[in-house]
Amino acid sequence: MTTPVCTSASNAKTRTLSYPSFTSYVKARQPVLLRTARSLTANPSDAEDLLQTALAKTYVAWDRIEDHRALDGYVRRALLNTRTSQWRKRKVDEFVCDELPEPEGLPAADPAEQQALHDAMWRAIMKLPARQRAMVVLRYYEDLSEAQTAEVLGVSIGTVKSAVSRALGKLREDPELEPVR
C-alpha cells in the first residue's frame, strides 16, 4: 500500500512511503479488526469506513509505533477514538412543523366520576388498620420515600415495605373499588 505524503507546505513535491509490514498486517488482521468495527457501528458500510479511517491513522503513525506486537490494541484504540469523534460530531436536525407529533391526550374525565373515585378510595383507605393507613397516606399521598416514612413513624424500612404491601393487597380486594379496575 502506497500513499503520497506532502513533506512541506512550500514544497509541492510528494514522496511515496511504503510499508510492506503494514500491508501484511492489514491482510492478516483485517477480518478481526472489521468485526471490532462492526461492534461499534450499526451499519456494515459504516464499519468498513471506520476501519479504513483507523487504518489510515495507523499508517501515518507506523514509524512511531515502537512495539508492533501491540498493533491490534493501537488499531482498536484508533477505531474507538474515531467512532467517538464521529458520534460527538453528529448533527441533530430539528424540523418545524404545523402539527405537534404528540397524540391528543385522553379526553378529560368527568369531574363527578373523579370525585366519586376519590371518595371511594378514601372510604377504602379508612377501612385499613390505623398503622397501614398511616403508611399508605405517607407513602402515596404525602409522597415520602420508604426511609422517610419509616423515620416519621419510628419503624424499620422493612416494616414499612411489608405493611404497605399488605395494605395495597387489601385495597385491591376492596369491592367498592371494583368498578375502577
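Predicted model: local features only at pLDDT ≥ 70, side-chain atom pairs only at ≥ 80, totals over all residues.
## Aromatic pairs around F22

The model holds four aromatic pairs. In one of them, the ring centres of F22 and Y59 lie 5.0 Å apart with their planes at 65 degrees, and since an angle over 60 counts as edge-to-face, the pair is placed in that class. Because F22 belongs to helix α1 (residues 20–40) and Y59 to helix α2 (residues 44–60), this pair ties together parts that are 37 residues apart in sequence. Both F22 and Y59 are buried.

F22 also pairs with W62, again edge-to-face, with a centre-to-centre distance of 5.1 Å and 85 degrees between the planes. Here the partner W62 sits in the loop between α2 and α3 (71–89), while F22 lies in helix α1, so the contact ties together parts that are 40 residues apart in sequence. F22 has a relative accessible area of 1% and is therefore buried, and W62, at 4% relative accessibility, counts as buried as well. Together with Y25, the residues F22, Y59 and W62 form one aromatic cluster.

## A charge over a ring

R139 lies over the face of Y140, at 5.4 Å from the ring centre.

## The loop residue D143

D143 is located in the loop between α5 (130–141) and α6 (146–153). Its phi is near 60 degrees, which is a positive value in a residue other than glycine.

Technical notes
Residues numbered from 1 in each chain as written. Heavy atoms only, no water. Helix = DSSP H or I, 4+ residues; strand = E, 2+ residues; numbered from the N terminus. Phe/Tyr/Trp six-rings, centres within 6.5 Å; stacked < 30°, edge-to-face > 60°. Buried < 20%, exposed > 50% of the residue type's maximum accessible area, 1.4 Å probe, protein only. Lys NZ or Arg CZ within 6 Å of the ring centre and 35° of its normal.
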